[in-house]
Amino acid sequence: MGATGLGAIPLHRLPRSVHIASVLAPAALTTGILVRAQRRAVAEPREGADSAVPAPDTEPVPHQDAIAPTDRATPRARAGIRWMPVLMLSGTMGVALAGATYAGIQIDRAIENALRRRKVPAPRLVMGLASGALSLGMDLLEDRVPTADSSSTDR
């Protein structure tokens, strides 16, 4: 329902600064959230870990070679995270979101212009109704298709 309402807003008609903000803000937020989540995954102790003391017959991993702590996180283990893969993965997701948002604005513009060329009165309303109908159809179709869990219990 919310997507239908948001679909009625012609983003391509807004000022360029709003375009840039609507593309970059969610991308930056996504990147930040993913970096934070990956840091938290490294910092939290894993289940089943007894202690941060290594077994007596094993050699400790040199600090610069540490990727993530093996037992409980210590300040030294958190410092051992390799930042390049974390930033690359998070940045890639942010760039993908920015690209999808930008493409969505361009597709929205193209659809509205095509409807205007065909002399459709109130093209934004038609687009919103089509979006709502598509969402409803997908929900109904999803309810009809059995899930993997229910199909395995039917046998």
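Aspartate 108 sits in helix H4, where helices are DSSP runs of H or I at least four residues in length, strands are runs of E of at least two, and both are numbered from the N terminus. Everything here comes from a predicted model, in which local features need pLDDT of at least 70 and side-chain atom pairs count only at pLDDT 80 or more, while totals for chains, interfaces and linings use all residues. Residues are numbered from 1 along each chain as its sequence is written, and side-chain values use heavy atoms, with hydrogens and water left out.

With a relative accessibility of 16%, aspartate 108 counts as buried. That label means under 20% relative accessible area, with exposed meaning over 50% and partly exposed anything in between (1.4 Å probe, protein chains only). Leaving out residues up to four places away in sequence, aspartate 108 touches Pro10, Leu11, His12, Arg124 and Met127; a contact here means heavy atoms within 4.5 Å.

Arginine 124 belongs to helix H5, which covers residues 123-144, and it is buried because its relative accessible area is 11%. Aspartate 108 and arginine 124 form a salt bridge, with their closest N and O atoms 2.9 Å apart. The term salt bridge is used when a side-chain nitrogen of Lys or Arg lies within 4 Å of a carboxyl oxygen of Asp or Glu. This pair links distant parts of the chain, since aspartate 108 is in helix H4 (residues 83-117) and arginine 124 is in helix H5, 16 residues apart. The two side chains also make a polar contact at 2.9 Å. A polar contact is a pair of N or O atoms within 3.5 Å; within protein, one atom must be able to donate a hydrogen and the other to accept it, and residues adjacent in sequence count only if both atoms are side-chain atoms.

Arginine 124 has another partner as well: its side chain meets that of glutamate 112 in a salt bridge of 3.0 Å, N to O. Glutamate 112 lies in helix H4 and arginine 124 in helix H5, so this pair ties together parts that are 12 residues apart in sequence. Glutamate 112 is buried, as its relative accessibility is 0%.

Glutamate 112 also pairs up with arginine 116, again through a salt bridge, this time at 2.7 Å from N to O. Both of these residues are in helix H4, 4 residues apart, which is about one turn of the helix. An α-helix has 3.6 residues a turn, so residues three or four places apart point the same way. Put together, Asp108, Glu112, Arg116 and Arg124 are linked in a network of salt bridges. Searching the whole structure turns up 3 salt bridges.

Helix H4 itself has 35 residues and reaches 51 Å from its first C-alpha to its last, close to the 51 Å expected at 1.5 Å a residue. The expected span is 1.5 Å times one less than the number of residues in the helix. Buried residues of H4 include Val86, Ser90, Gly94, Ala98 and Ile105. By contrast, methionine 88, which is also found in helix H4, counts as exposed, at 52% relative accessibility. Methionine 88 is 57 residues from threonine 31 in sequence, and the two are 9.6 Å apart in space, C-alpha to C-alpha. Just after H4, lysine 119 takes a positive phi of about 60°.

Leucine 11 lies in the loop between helix H1 (2-7) and helix H2 (16-43), and it counts as partly exposed at 32% relative accessibility. On the surface, Ile9, Leu11, Leu14 and Val18 form a nonpolar patch with about 260 Å² of accessible area together. Patches are made of residues with over 30% relative accessible area and no salt bridge, joining like charges within 9 Å and nonpolar side chains (Val, Leu, Ile, Met, Phe, Trp, Tyr) within 5 Å. Accessible areas come from the Shrake-Rupley method with a 1.4 Å probe, and for residues only the protein chains shown count as cover.

As for the whole chain, it has 6 helices and 0 strands. Of its 155 residues, 18% are buried. Its accessible surface comes to about 11600 Å², and 65% of that belongs to carbon and sulfur atoms. Among contacts between residues at least 6 apart in sequence, 61% join residues at least 24 apart.
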